[in-house]
Amino acid sequence: MTKSALQIARAAYQPKLPKALQGAVAVKEGEATQSVADQEAIQKLFPNTYGMPLIQFVEGADSEHAPMNVGVILSGGQAPGGHNVISGLFDGIKKLNPANKLYGFILGPGGLVDHKYKELTADIIDEYRNTGGFDIIGSGRTKLETVEQFEKGYEILKELGIKALVIIGGDDSNTNACVLAEYYAAKNYGIQVIGCPKTIDGDLKNEMIETSFGFDTACKTYSEVIGNIQRDCNSARKYWHFIKLMGRSASHIALECALQVQPNVCIVSEEVEEKNMSLDDVVTYIAQVVANRAADGNNFGTVLIPEGLIEFIPAMKSLIAELNDFLAHNGEEFNNIKRSKQREYIISKLSEANSAIYASLPEGVARQLSLDRDPHGNVQVSLIETEKLLSEMVATKLAAWKEEGKFVGKFAAQHHFFGYEGRCAAPSNFDADYCYSLGYTASMLMAAGKTGYMSSVRNTTAPAAEWIAGGVPITMMMNMERRHGEMKPVIQKALVKLEGAPFKAFAAQRETWAKETAYVYPGPIQYFGPSEVCDQPTKTLQLEQGK
């Protein structure tokens with residue numbers, strides 16, 4: 001396998017560990033915990049894994065550990081640093097007992113159910129240290145939900161002598177990990193299940209999980225390319241760049257990138273919802289910034305848009321809900337109507353308010369809303385090119401303003417979507433260290449006999465030696481939510497808090513950024529060099545921790 005110069009140099013990087021994990025480790029148990037909401041319902045569903053204490057690891061004395069085999073699963077979308085979680089886990093279990101073995105299940109949770117696995121030996125692990133991607137064993141989106149799946153999994157775990165299973169995933173995957181931990185505990189199968197917090201979206205966090213891994217690297221990757229576009233934009237001075245960024249539910253990525261690059265506009269979905277803004281309100285806001293800059297002779301700029309924006313606009317949410325319902329019941333009739341007449345047909349069938357919104361949408365977007373459905377018959381919101389929708393509607397509004405003499409400039413748009421580019425990037429030093437520590441911590445949770453815990457590493461804006469490693473019961477993060485018509489226990493998603501320090505810092509500066517060209521150009525991720533360049537955590541973390 002041919003390797004790049006960076007890959008070769010990066011293989012030698014030794015991730016930093018919290019001081020408490022560098023030698024023998026002891027367990028310090030904290031207070032008993034309860035779930036963030038719906039305590040009675042959650043306790044009833046998880047009688048064996050509810051109310052467990054918080055765990056912190058401290059320096060201890062050497063002790064003997066009987067050999068144990070461990071399984072690992074990468075679940076859901078990729079995030080930079082996954083390979084280092086597995087490396088940290090491997091080094092941790094080998095330190096406990098050199099006879100310990102690690103098995104990776106292939107292509108996600110499906111590998112556990114279908115009994116597809118491989119032993120991860122030292123030579124395999126060494127090929128993947130400090131690299132991006134999940135290609136060591138691949139990932140998948142199979143949900144572990146049924147007793148049949150749990151039992152199929154148990155068969156292979158028993159056969160391989162696996163005593164503990166680590167599931168590396170986001171909020172849904174860790175919810176599934178907790179359900180599995182509860183099931184195996186109730187059956188006395190003697191199998192521990194530990195979770196690790198992964199998602200570039202940054203929406204798996206709370207007081208015990210300061211950030212999900214991959215968020216740092218993905219935001220630095222996107223900020224580099226946005227910075228490059230802003231340089232181009234400021235050089236040519238003739239385009240408005242509309243840039244959509246990943247983040248289906250929360251706007252953490254858009255907000256972090258805005259703090260790093262200082263664009264002219266950044267829309268935050270949570271604010272749009274809070275202020276009950278309509279699509280027209282969002283369009284008017286952007287158009288006004290464009291018009292104000294044009295009045296100063298600046299016919300260029302950048303607009304950052306979170307991927308999930310459409311679902312946060314209350315009026316659009318209600319339109320999509322009515323459309324989903326209407327097409328579910330009248331799909332056949334709709335499909336028999338001539339393509340050129342479909343739009344009029346839908347306009348005539350919707351309630352007055354939703355009909356007016358639907359009629360105001362550009363042709364392409366209206367078609368995406370009514371035609372492209374997922375297997376559940378729902379609108380595929382991620383397929384809607386929100387960046388094009390907004391720029392088209394801004395162009396229409398500016399053309400009307402031009403006739404009224406309210407807009408004096410030119411408007412030409414370019415469109416970008418940064419998504420997959422950031423999910424498998426080579427992890428930043430922060431993510432390389434953080435992920436390695438999460439994996440190592442998971443091995444210590446197993447040694448301590450814990451199950452139903454998520455690996456937790458805190459105090460992450462301090463140097464790595466001062467990080468606090470431990471575990472948090474997954475039930476502590478859960479609440480009940482309606483999914484597919486029934487109430488289910490799920491880990492509460494962390495959305496952008498409008499009263500939080502990161503949003504406040506952005507809100508305090510955005511008017512200046514809108515008017516002036518105040519761009520920052522972060523440049524590519526640096527792996528070698530001065531610590532203040534290479535080891536910086538995200539602006540979000542620094543602001544949240546008052547740094």
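1. At 27% relative accessibility, Ala 413 counts as partly exposed (buried is under 20% relative accessible area, exposed is over 50%, and partly exposed is in between, with a 1.4 Å probe and protein chains only). Ala 413 and Ser 455 are 42 residues apart in sequence, and their C-alpha atoms are 44 Å apart in space.

2. Some ground rules before going on. Residues are numbered from 1 along each chain as its sequence is written, and this is a predicted model, with local features needing pLDDT of at least 70, while totals for chains, interfaces and linings use all residues. Side-chain atom pairs count only at pLDDT 80 or more, and side-chain values use heavy atoms, leaving out hydrogens and water.

3. Back to S11 and its sheet. Four strands make an open sheet in the order S9-S10-S8-S11, with parallel pairing; two strands pair if DSSP finds at least two bridges between them. Strand S9 (265–266) and strand S11 (413–418) are at the edges with a single partner strand each, so one side of each has no neighbour in the sheet. Strand S8 (residues 240–245) runs parallel to S11, and 6 bridges join them. Within that pairing, Ile 243 has His 416 in S11 as its bridge partner.

4. Strand S3 (residues 69–74) is joined to S4 by 4 bridges, and Gly 71 has Tyr 103 in S4 as its bridge partner. Of the 5 residues of S4, 4 are buried, so the strand is largely enclosed by the rest of the structure.

5. Leu 107 is in the loop between strand S4 (101–105) and helix H4 (109–113), and has a positive phi of about 55° although it is not a glycine. Leu 107 is exposed, at 53% relative accessible area. Asn 459 is another non-glycine with a positive phi, about 65°. Asn 459 sits in the loop between strand S12 (453–458) and strand S13 (468–473), and is partly exposed at 26%.

6. Strand S14 (residues 478–483) and strand S15 (residues 486–491) pair in the antiparallel sense over 6 bridges. There are 2 residues between S14 and S15, and His 484 in the turn has a positive phi of about 45°. Arg 483 stands opposite Glu 486 in S15.

7. What is the volume of the second largest pocket? About 520 Å³. On a 1 Å grid over the protein atoms alone, a pocket is an open set of points with protein on both sides within 12 Å along at least five of seven lines, and lining residues have an atom within 4 Å of a point. Grid points are joined across faces, edges and corners, and the volume is the space filled by probe spheres set on the points; the probe is 1.4 Å. The lining has 26 residues, and Lys 205, Asn 206, Glu 207, Lys 497 and Glu 544 lie nearest the centre. Helix H9 (252–261), helix H19 (501–515) and helix H21 (539–544) each supply at least two lining residues. By class, the lining divides into 14 nonpolar, 6 polar and 6 charged, where nonpolar covers Ala, Val, Leu, Ile, Met, Phe, Trp, Tyr, Cys and Pro, charged covers Asp, Glu, Lys and Arg, and polar covers the others, Gly among them.

8. Now the rings. The structure holds 17 aromatic pairs. Tyr 184 and Tyr 189 have ring centres 5.8 Å apart and planes at 45°, so the pair is tilted (rings of Phe, Tyr and Trp, its six-membered ring, pair if their centres lie within 6.5 Å; planes under 30 degrees apart are stacked, over 60 edge-to-face, the rest tilted). Tyr 184 is buried, with a relative accessible area of 0%. Ring pairs link Tyr 184 and Tyr 189 with Phe 150, Tyr 154 and Tyr 183 into a cluster.

9. Two arginines have their charged ends over tyrosine rings: Arg 10 over Tyr 13, 4.4 Å from the ring centre, and Arg 231 over Tyr 521, 3.7 Å from the ring centre. The criterion is NZ of Lys or CZ of Arg within 6 Å of the ring centre and within 35 degrees of the ring normal.

10. Lastly, Ile 310 is in helix H12 (residues 309–312) and is buried, at 2% relative accessible area. Ile 310 and Ile 320 are 10 residues apart along the chain, with 9.3 Å between their C-alpha atoms.
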